[in-house]
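I opened the model to look up a few local features. My entries follow.

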Amino acid sequence: MLLSAASAVADESAIQTDPIFGEPYMVRYIDTEPTAKFPGYHAALIEYPWKADIVVPDSIKGGVYPKPAPKATILYIHGFNDYFIQTEMGAKLDSAGYALYAIDLHKYGRAYRQGERVGELLDIAEYYAELDSAISIITDQGTNGAEVVLMGHSTGGLIALMYAAHREKGRGLSAIVLNSPFLEMNYGFLARKLALPMLSLAGKYFPDAEIPHGNNTNYGESLHKDYRGEWTYSLDLKSLGSIPVNMGWIRAIHEAHKFIQNAPGIQTPILVMHSNCSVDEDEWDERYTHCDGVLNVEHIKEYGATLGPDVTDVEIQDGLHDLLLSRKPVRDNAYKVIFQFLDNKIHKHR
């Protein structure tokens with residue numbers, strides 16, 4: 001597998017019912033050990049117990065019930081200004097033969113601690129130890145040694161790619177599934193090629209300097225049930241608009257983008273999914289109900305094609321930025337694409 005040991009303390013006795021979703025979802029907390037480069041971090045690993053709906057016959061209760069092994073285990077990584085909110089994902093994956101774990105990264109969601117700056121980041125590599133630990137837990141205890149697939153949304157997709165590239169170019173993974181991955185800033189050419197490199201350089205010396213940000217809530221409104229969407233989640237943990245960032249965050253993302261855009265040579269099969277259109281308007285526009293309201297899909301297609309030798313690009317008609325939070329027919333189609341890709345690639349991998 002990707003690692004021989006995890007640099008974390010994970011207390012098995014601390015596994016509990018997920019306080020956000022409730023049963024059958026479970027959660028445990030990971031505390032990574034400090035290193036010379038990074039302090040210790042606190043993350044949350046959420047589990048949808050594999051085949052939780054299987055009824056154990058009375059004749060063998062109290063014994064070991066041999067559940068069938070999943071085709072693979074998926075570790076889901078959320079995006080920026082986000083946490084794991086896809087309540088239906090566990091049952092969807094389970095019914096298709098895949099086990100689900102999801103991680104709330106440090107300073108996000110279930111892992112957030114009072115007084116922290118939500119989403120604070122100076123280096124993408126900050127997340128590697130908690131991902132190492134999550135994968136160690138999954139492979140040691142989770143699903144009978146099933147192979148592991150990384151699934152990342154937006155910034156979670158960027159993190160998944162960086163992690164894979166720095167862990168033997170992903171050779172220990174069965175596949176990577178990307179849901180609208182964040183491969184480039186959604187700005188004009190001059191801003192991307194001139195202003196961002198200068199801000200990134202400044203971020204090396206002034207990481208805490210604040211960056212002005214807008215307050216466009218259109219994408220958030222397209223998701224949340226209290227506005228124009230169908231999902232209920234905490235607006236304290238996933239705000240309606242953008243959350244503040246500083247130059248340290250800009251530098252971390254810019255450095256990761258440079259690396260990923262330079263053909264990182266990831267060897268595992270990669271699925272790149274994205275909407276068929278983008279929208280970027282200050283006022284509410286009906287396109288926010290069926291287009292990517294955060295990223296430019298042309299950037300995703302351009303840089304996604306160069307990630308490695310085995311990339312499958314799929315355009316999801318009428319998809320939102322988070323394809324799996326789109327309207328039901330659209331997200332059902334996205335799940336279908338994921339399962340077809342995994343069934344094909346994992347079968348060939350074996």
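**Disulfide**

I looked up the link first: Cys277 and Cys291 form a disulfide, with sulfur atoms 2.0 Å apart (the cut-off for a cysteine sulfur pair is within 2.5 Å). The structure holds 1 disulfide. I read -95° about the S-S bond, so the link of Cys277 and Cys291 is left-handed. Cys277 and Cys291 both sit in the loop between strand 11 (270-275) and helix 7 (297-304), so the pair ties together parts 14 residues apart in sequence. Helices (H or I, at least four residues) and strands (E, at least two) are DSSP runs, numbered from the N terminus. Both cysteines, Cys277 and Cys291, are buried (under 20% relative accessible area; exposed is over 50%, partly exposed in between; 1.4 Å probe, protein chains only).

**Basis**

This is a predicted model: local features need pLDDT of at least 70, side-chain atom pairs count only at pLDDT 80 or more, and totals for chains, interfaces and linings use all residues. Residues are numbered from 1 along each chain as its sequence is written, and side-chain values use heavy atoms, leaving out hydrogens and water.

**Gln86**

I found Gln86 in the loop between strand 5 (72-77) and helix 1 (89-95). Gln86 counts as buried because its relative accessibility is 1%. Its side chain makes a polar contact of 2.8 Å with the side chain of Asp322 (N or O atoms within 3.5 Å; within protein, one must be able to donate a hydrogen and the other to accept it, and residues adjacent in sequence count only if both atoms are side-chain atoms).

**Phe189**

I placed Phe189 in helix 4 (residues 189-205). Phe189 counts as exposed because its relative accessibility is 54%.
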